[in-house]
Amino acid sequence: MTRQLLPIALAAAVAFPALASAADIQPPPRIIVSGEGEATVAPDMAILSLSVMREAKSAREALDANNDAMAAVIAAMKSAGIAERDLQTAGIQINPRYNYTSKADGSQEAELVAYQVTNTLSVRVRDVDKTGEILDKAVSLGVNQGGGIAFTNDNPKATITEARKKAVADAMAKAKTLAEAAGVSLGKVLEIADQNVAPVPMPMAAKSFDAARSAVPVQAGENSYNVQVTVTFELR
């Protein structure tokens, strides 16, 4: 072996055993547990879905009638204190309406009788106490379809943080119980992962609008924020 290759051979002889030893090292034992935390808070915002439907012989006439009605609704929303940024058109639909007549041979004959135009407006009401008043005013001005309502929070970070702390505490309590039952002790936390669950919107049927006589009675209740976490602990 030449003198130039001798140092390389010696280095390889030292490195290979070290690599083999590293490969034999097993990861420390660990335990993975899940925890859940919940925190509630009163909603501070309502999101309404209000639809105006108008029907006429032609699409143009139906659209013009719908435009007039929706313009009145939007003006009323603004006069009630709803900001421009809290009003958003959610969709416009133009659909023909047919009458179907059964024929002697079993087939049906379609007759175009009218066009229906539906315009849907999404409204964020930041003063929850005004929700019933806003609904009543909208119906009085021509809202006759839709009626979805969801109560939410503009900034739920503090509530989610509280739920997250409860979830981690729940996971740690579970891990401690399992470790004690197995006769081992918990080591350091190796990994934490969490998943947020938002509140479910509460729908209001359109027929509730039809029965409106004064301000619609609305109960906001509480929003519940749930957080689930998965925590990995080292075992000793």
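1. Tyr98 is found in strand β3; strands (E, at least two residues) and helices (H or I, at least four) are DSSP runs numbered from the N terminus. The model is predicted, with local features needing pLDDT of at least 70 and side-chain atom pairs pLDDT 80 or more, while totals for chains, interfaces and linings use all residues. Residues are numbered from 1 along each chain as its sequence is written, and side-chain values use heavy atoms, without hydrogens and water.

2. Strand β3 (residues 87–102) runs antiparallel to β4 and is joined to it by 15 bridges; pairing requires at least two DSSP bridges between two strands. Opposite Tyr100 stands Ala110 of β4. Five residues lie between the strands of this hairpin, where Gly106 has a positive phi near 95°.

3. Strand β4 (residues 108–125) also pairs with β2 (residues 45–56), in the antiparallel sense and over 11 bridges. Here Glu55 faces Gln116 in β4.

4. Tyr98, Tyr100 and Leu112 make a nonpolar surface patch of about 310 Å². Patch residues have over 30% relative accessible area and no salt bridge, and nonpolar side chains (Val, Leu, Ile, Met, Phe, Trp, Tyr) are joined within 5 Å, like charges within 9 Å. A salt bridge here is a Lys or Arg side-chain nitrogen within 4 Å of an Asp or Glu carboxyl oxygen. Tyr98 counts as partly exposed because its relative accessibility is 36%; buried means under 20%, exposed over 50%, and partly exposed in between (1.4 Å probe, protein chains only).

5. Helix α3 (residues 131–140) has buried residues at Thr131, Gly132, Ile134, Leu135, Asp136 and Ala138. Gly142 follows α3 and has a positive phi, near 125°.

Notes:
Accessible areas come from the Shrake-Rupley method with a 1.4 Å probe; for residues, only the protein chains shown count as cover.
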